[in-house]
Amino acid sequence: MKFNRLYYKYVPVIAIDGPTASGKGTIAQLVAAQLGFHVLDSGALYRLVGLAVQRYQVNKNDVSALVSLIHSLHFSFQEGCVQLDGVDVSTGIRHETVSRLASAISVHAPVRRALLARQHAFRKPPGLVADGRDMGTIIFTDAVLKVFLTASAEDRAQRRYKQLIEQGFPAKIETILCDLLERDSSDINRASSPLKPALDARLLDTSVLSISEVVNRILVWYQKNDLHTDVTKNTFS
Ligand code: C5P
């Protein structure tokens, strides 16, 4: 459906940001299902580029080659299935080598710019739940609700370990923790769109709350439309 810029601004967005394995993906899906909203898993977009870099043997430091690659990518997200150039890559993009490539290519500002319009295209009626690292700070600065999820690195590594084992990937907790800390550091310290909460984001620690508690809290914030009270002090650094 085509609609103009003004109309676009009226499509509500809930931005959910946070570090690797903080539970963003699951929580975004559940919130969106409750509201009948669309979902943008922006990490999956970076992963698609990572997978394409691997598949088409593009140099991960050659920024202009990466931008050309992004412009030539044909992908689709439908009902939990991610396709790249007609091939189902839903599982392939979750592989740890792809995670590392996604993280490596995401530091380049031109790569992030090349993915901007692709992300905005997900904003369609009746609304969007967007998860990633810079949804609230850069991509959807006018989001009606911005949530920043936190959790200890150990809890997140445990969560990622379980996920990988369930998906049938071999995994070692020590390697996952190391990798996760490295990706956190790259996400937080990069010059372009670093991982940080928006000034108007609400912080939620997912290691002390269950998934359904987090989802309910987000739904209550959204439905009350009472978005300027009860904001946890923003202490992420
Ligand atoms: O969220 P996920 O772990 O799937 O993201 C894969 C990688 O993509 C992250 O490690 C991060 O470096 C990058 N990313 C990003 N900005 C986003 C989403 C993901 O830089 N909005």
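Q: Where does Arg156 lie?
A: In helix H9, which covers residues 153–166. Keep in mind that this is a predicted model.

Q: Is Arg156 buried or exposed?
A: Buried. Its relative accessible area is 4%, and the cut-off for buried is under 20%.

Q: Which side chain does Arg156 make a polar contact with?
A: The side chain of Asp184. The contact is 2.7 Å.

Q: What does UniProt place at Gly18, Pro19, Thr20, Ala21, Ser22, Gly23, Lys24, Gly25 and Thr26?
A: A "binding site" feature, from an unreviewed entry. The annotation may be inferred rather than shown by experiment.

Q: Let's take Pro19. Where is Pro19 found?
A: In the loop between strand S1 (13–17) and helix H2 (24–35). Pro19 is buried, with a relative accessible area of 5%.

Q: What does Pro19 touch?
A: Not counting residues up to four places away in sequence, Lys24, Arg133, Phe148, Leu149, Arg156, Asp184 and Leu195. So Arg156 and Asp184, the two joined by the 2.7 Å polar contact, are both among the residues that Pro19 touches, because each has heavy atoms within 4.5 Å of Pro19.

Q: How about Gly23, buried or exposed?
A: Buried, at 16% relative accessible area. Gly23 also lies in the loop between S1 and H2.

Q: Which residues is Gly23 in contact with?
A: Leu149 and Arg159, once neighbours within four places in sequence are set aside. Leu149 is also among the residues that Pro19 touches.

Q: Switching to rings. How many aromatic pairs does the structure hold?
A: Three. One of them is Phe37 with Tyr222, an edge-to-face pair. The centres are 5.8 Å apart, with 80° between the planes.

Q: Why does that pair tie together parts that are apart in sequence?
A: Because Phe37 lies in the loop between H2 and strand S2 (38–41), while Tyr222 is in helix H11 (residues 211–224). The parts they tie together are 185 residues apart in sequence.

Q: Are Phe37 and Tyr222 buried or exposed?
A: Both are buried.

Q: What about the pair formed by Phe75 and Phe77?
A: Edge-to-face, at 5.8 Å centre to centre and 85° between the planes. Ring pairs also link Phe75 and Phe77 with Phe122 into a cluster. Phe77 counts as partly exposed, at 25% relative accessibility.

Q: Which residue is the bridge partner of Phe77 in S4?
A: Val82. S3 and strand S4 (residues 81–84) pair in the antiparallel sense, over four bridges.

Q: What order do the strands have in that open sheet?
A: S3-S4-S5, three strands with antiparallel pairing. Strand S3 (75–78) and strand S5 (87–88) stand at the edges. Each has a single partner strand, so one side of each is left without a neighbour in the sheet.

Methods: Residues are numbered from 1 along each chain as its sequence is written. This is a predicted model: local features need pLDDT of at least 70, side-chain atom pairs count only at pLDDT 80 or more; totals for chains, interfaces and linings use all residues. Side-chain values use heavy atoms; hydrogens and water are left out. Two strands pair if DSSP finds at least two bridges between them. Helices (H or I, at least four residues) and strands (E, at least two) are DSSP runs, numbered from the N terminus. Buried means under 20% relative accessible area, exposed over 50%, partly exposed in between (1.4 Å probe, protein chains only). A polar contact is a pair of N or O atoms within 3.5 Å; within protein, one must be able to donate a hydrogen and the other to accept it, and residues adjacent in sequence count only if both atoms are side-chain atoms. Rings of Phe, Tyr and Trp (its six-membered ring) pair if their centres lie within 6.5 Å; planes under 30 degrees apart count as stacked, over 60 as edge-to-face and the rest as tilted.
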